[in-house]
Structure formats: C-alpha cells, structure tokens
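Let's walk through this model together, one question at a time. Have the sequence and the 3D view ready.

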Amino acid sequence: MSEDRDGRTPTPPDGGRARRPSYGQVRRDRIDALATAGTVDDEPGVSLIRSAWKRLRRNPIFLLGAAITLAFIVLAIISPWIAPWDVTARPLLDQVRPQTNPVPGPEPGHLLGGDDRGRDLFSRLLVGSRQTLIVGVFATLFGLAGGITLGTVAGAIGGWVDSLVMRIVDVMLSVPSLLLAFTIASLARSPSQWTLIVAIAVIQVPIFARLLRGSMLAQRGSDHVLAARSLGVRPRAIVFRHMLPNSLGPVIVQATLSLAVAIIDAAALSFLGLGNPDQRQPEWGQMLGLAQKYISEAPHLAFYPAGCIIVVALGFTLMGESLREALDPKTRR
C-alpha cells in the first residue's frame, strides 16, 4: 500500500477490520461445494443381502446357530461312514439280561453303551440324524412349494380366488398343527417315513401361503409394479419378474424357522408310532419312543435323542431369528 504525502500509511475505510462474508454467501458456497463433490456420503451403497450379511457375521447368536446347523448337516451326511458299528448289529447282546441288566452301559468301544437289544447307541444316534434331516428338509420343501403356489395365486389374481384360497387357509390354521398332522398320518395304511413328510408338509402349507400372499399384496401397490403396468408389461411377467421375487424374502426366513418345527413334529409323530416302523433305519423320535419302557432303569436312552432334537431345533431357530432381524428394516441398527 502506498504512503501519503506525510509518509503515513492510509487507514482502510473499515478501520482495519477484515471484511467477513455474509451468511447468504456462506450458504451459497457450501451448496456449490456439495454440488461439485458429487456425493455427500463417500461410502458406496450396498444391497440388502450384503448389508444383512455384515450384521449377521457380527452377531454371536447367528454364528452359534449356524455352527450347530452346519455340524448337524455334516454329521447327517457322513454318519454312515463314521459310525463305529452297524446300526443293525448287536455287539452287546450277550450283556443284555432282562432281570438284572436290561440295558448295557458304556464300555471301551461303545461310548454310550447299548440299547435293550444290544445295539450300539452312539452309532444309532449318528445314523438317526440323517433320517431326521431328510424328514425335516423334504417336509419343509414340499410345504414351501405348496405355500408358494397358493400364495402366488391368491396374491396375483385377487378377487374371489383370493377369498376362496384364504378361507381354506383359515380352516387349516384353525386346527392345531400337531393334531392335523396326526390325523393325516393316521389315514395312511401303514406308517412310513413318507407319511411323516406328507403330514408335516400339509400343516406348513397355510403358513407359507398366508405370508406370501401378504407380501404380494404389499408389492401390488409399489412404484415399480405401477410403472411396469403403465408401460404395458404383461400381467404374468409382472407377477413372476417383479412381485414374486421381491416377496420371497420373508418366506425364505420363515422356512428356516419351520425347519426346526418340522424336526420337532417329526419326532413327536415318530414317538407316537406314526413314523417308520423299521428299526433298521433309526430316527431320533423313534428311539425316544422305544426308550419309554426303560425310562426308570436307563433314562439315558431317552436323554440322548431328546437332547439331540432340542439342540438341533435350537440351532435352526437361532439362525432363523437372526436372519429375520437382519432382513427386517424396522430392526436395523
């Protein structure tokens, strides 16, 4: 800055104070900065499944349930090859004495002892896990297929078809599930493994049908469905490409929970004598029913299969509940 004639530096008009920008200018500068930045949040967006997995892998309840479920599935698959004894063999038959020792106890080579017929109990528990898994998985798959069919028909067509399907579902839900399964299984000429599968699948159909129908009704009024209709997309394509795929999330989560219920119901029906009568194919519910005659002398015959049923059902339940919370937008953190 140049000096005046007296050699002094002239004083600015504002008295030496720096000029501050106005509030409006600050706001305009900030808006311009945000507009040129491109995005406010530097983190990229993630899909629903990826965000759910990020929460699940930090959830100890889910990890515990997944560990139990994975161990059960692996043991059920490889059980015939790792079982130390054949399930039909009687290596402890010479130790069975109805009056003094009806059930042989544990000894070297027989971790849990034997049953009343001299068969190795540990081997039968291992192989019995496969039969329990087969019944639970197939019953859930058949019930899921039937529920998806009815739920899709009711949710997509609507009108009197929806009313008819829902009234049938209401009638089925009004009957206690175990009583309905018992009635269906007792209608068969001879009990078998497939009798259990059909009976349990039937009682699961209305659960999946009602859940899917509600999800599809919510999708019917969504923006993407309305946009597809306005563009002239065929109704069949709208149902199977837009409504149904976006409605299957809650149904799949429910299938995980229903698998635990299916295992418990299968064990209950086998305990009542409506399962496979062939003891060459052991099943946990069947073993539990055979153990009731020796519940006072050898309670471990009932404790081990009952404990296996409880632990496996708990694993599926913990995993299903954690998955439901992770996929539910209302419970996200």
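**A helical protein in questions and answers**

Q: Is Gln 219 buried or exposed?
A: Happy to start here: this is a predicted model, in which local features need pLDDT of at least 70, side-chain atom pairs count only at pLDDT 80 or more, and totals for chains, interfaces and linings use all residues. Residues are numbered from 1 along each chain as its sequence is written, and side-chain values use heavy atoms, with hydrogens and water left out. Buried means under 20% relative accessible area, exposed over 50%, and partly exposed in between (1.4 Å probe, protein chains only). Gln 219 has 16% relative accessibility, so it counts as buried.

Q: Which residues does Gln 219 touch, not counting residues up to four places away in sequence?
A: Gln 219 is found in helix H7, residues 193–220; helices (H or I, at least four residues) and strands (E, at least two) are DSSP runs, numbered from the N terminus. A contact means heavy atoms within 4.5 Å. With that cut-off, Gln 219 touches His 224, Val 225, His 242, Met 243, Asn 246 and Ser 247.

Q: Where on helix H6 do its buried residues fall?
A: Helix H6 (residues 177–186) has Leu 180, Ala 181 and Ala 185 as its buried residues. Seen down the axis of H6, they fall within an arc of 130°, taken from the directions from the helix axis to the C-beta atoms. An α-helix has 3.6 residues a turn, so residues three or four places apart point the same way. The buried residues of H6 therefore line one face of the helix.

Q: What is the relative accessible area of Ile 77?
A: Ile 77 is found in helix H3, residues 60–82. Its value puts Ile 77 in the partly exposed class, with a relative accessible area of 47%.

Q: How many helices and strands are there in the protein?
A: From the N terminus on, the elements run α-α-α-α-α-α-α-α-α-α-α. The count is 11 helices and zero strands.

Q: How far apart are the end C-alpha atoms over residues 194–212?
A: An unreviewed UniProt entry annotates "transmembrane region" over several stretches, including 194–212; such annotations may be inferred rather than shown by experiment, and their positions are given in the numbering used here, with feature names shortened. In the model, residues 194–212 are 100% helix and 0% strand, with the end C-alpha atoms apart by 26 Å.
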